[in-house]
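Hi,

Here is the structure I promised to pass on to you.

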Amino acid sequence: VASVEPVARTERKVYSVSAFNRGVARYIGKLPAVWIEGEVTELRRNPAWANVFLTLKDPRTGATLKVTIARRTFDRLELDLEEGESVHVAGRAEMYELKGELGLRATTVERIGEGAHLVALEQLKRRLAEEGLFAATRKRSLPRVPQAVGVLTGADAAARGDLLTTIGRRFPATKIVVCETRVQGRGAAEAICAGLRRLGTHAEVDVVVIARGGGSFEDLLPFSSELVVRAVAACPVPVVSAVGHEQDTPLCDLAADARAATPTAAAALVVPDLEELRLTLETCRRRLALSVRTLLDRDATKVARTGDRLRAAPRLLLERRRAALDRTGAHLQALSPLATLGRGYAIVRADSEALREASAVAVGTPLDIELASGSLGARVEEVTP
Amino acid sequence: VSERSFEELQRELEDVVARLERGDVPVDDAIALFRRGEELYRACVERLQAAELRIEELAPTDSGKA
């Protein structure tokens, strides 16, 4: 048994690398056996080797763990395991002394059943919902007429074809940017995220459609991965999710700004119908012409009325003046001495001055007497002051 | 007009119509608004006449192998 004793060099306690590794390895070896869940990556099996090696990856954080399992044990499990699959591994922590590497010595591996996936999905869904990632308030509205539609799709000819054909039929003047990527199996989640990033940051793309036809529960799992759900929520432009069939609800559907049951339905969401749009525009134009005419007509009527009033104004003024004049005339009439003369009075003038006192004249002064009708010339014969 | 999106143009056209329909615009403004509306309408129609589907394929990357 190799020792973990320090080497005697000086008074300082110094260990050799091997001794240190051995010591840590022994310490770690005392840890209890555990179950660990992760995604299988870097699976290496060689019939000539005693062990099978694989790396378990935490799909959330990307943390990894090296796993070693005896080849015979592994083969007996008959798992036909592929990279990208989620598994439960039972084992103990182990330190590979020569390299000082920590790993897991596995005793068994189990593929995660649909049940376990569903539970994990439910938990993830609840956690993300609590975080507000699916909130209605986060949903953005889609552009009415997109500058360019980003399409994220797998090598799925049907979904892609349906989407492109429908977009082309509804609104031929569309630009489409297609990003074809891995959508299932190993690395699919990362690939989908990378595709979303590329489309989301494309200069022209202002809406992204994720188009993925139907598939098995496991095939659609990447679209429920936390990475993808977060990438959809964080996409700088609105995202329409058209993943799987009607009955599937991958979590990316909940984070997307709109959900379409089929690629065809997605096309109808992202581009308007050209004919409808033309009709809307024509209606708009008719309303434009009609409203301006109504407005001008109304104004013309107002102008015409004002004109009438303008023309009527002098006549009215004249009439008013005449009426006023008539009144003044009547008044004048009342004041006129002629009316008094009419009652038998006379005006006596001497030197064109109306006489008020007898003493103002002398005997013999010629007088002018005005009557209501005609006048008399006379001479003073007697003065009585 | 040319560098604005179809959507912006269409929205402005609808605004113009709505203003004219409200009817509280002086005549001079109304005529200017009408001219603007016509211009917007023509710009919108022109956009709709543009070409056919353009498809750009992004080159595959190895980011999927992460």
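Below is what I found, chain by chain.

A word on conventions: this is a predicted model, where local features need pLDDT of at least 70, side-chain atom pairs count only at pLDDT 80 or more, and totals for chains, interfaces and linings use all residues. Residues are numbered from 1 along each chain as its sequence is written, chains are lettered from A and ligands numbered from 1 in the order in which they are written, and side-chain values use heavy atoms, with hydrogens and water left out.

Chain A has 11 helices and 14 strands; these are DSSP runs numbered from the N terminus (helices H or I, at least four residues; strands E, at least two). Of its 385 residues, 38% are buried, meaning under 20% relative accessible area with a 1.4 Å probe, protein chains only. Taking contacts (heavy atoms within 4.5 Å) with a separation of 6 or more, 60% of those in chain A join residues 24 or more positions apart. Its accessible surface (Shrake-Rupley method, 1.4 Å probe) is about 22,700 Å², and carbon and sulfur atoms hold 54% of that.

The barrel comes next. Five strands of chain A close up in the order E1-E2-E3-E5-E4, with mixed pairing; two strands pair if DSSP finds at least two bridges between them. On average, neighbouring strands of this sheet are turned by 55° against each other, direction ignored. Within chain A, E2 (residues 51-57) and E3 (residues 64-70) are antiparallel partners over seven bridges, and A:Lys57 stands opposite A:Thr64 in E3(A). Helix H1 (residues 17-29) of chain A packs on the sheet, where it touches E4 (86-96) and E5 (101-111), and its direction makes about 140° with that of E4(A). Such angles run from 0 to 180 degrees between N-to-C directions, and axes are lines fitted to C-alpha atoms, for helices over the stretch in contact.

There is also a helix pair in chain A: H5 (residues 188-200) and H7 (residues 226-234) pack at about 10°, their axes 8 Å apart. H5(A) is therefore roughly parallel to H7(A), a label for angles under 35 degrees. Among the residues that meet are A:Ile192 and A:Leu196 in H5(A), and A:Leu227 and A:Val228 in H7(A).

Chain B follows the pattern α-α-β along its sequence. Of its 66 residues, 32% count as buried, and its accessible surface comes to about 4,100 Å², with 49% belonging to carbon and sulfur atoms.

Best wishes

Note on methods
Buried means under 20% relative accessible area, exposed over 50%, partly exposed in between (1.4 Å probe, protein chains only). Angles under 35 degrees count as roughly parallel, over 145 as roughly antiparallel, 65 to 115 as roughly perpendicular and the rest as oblique.
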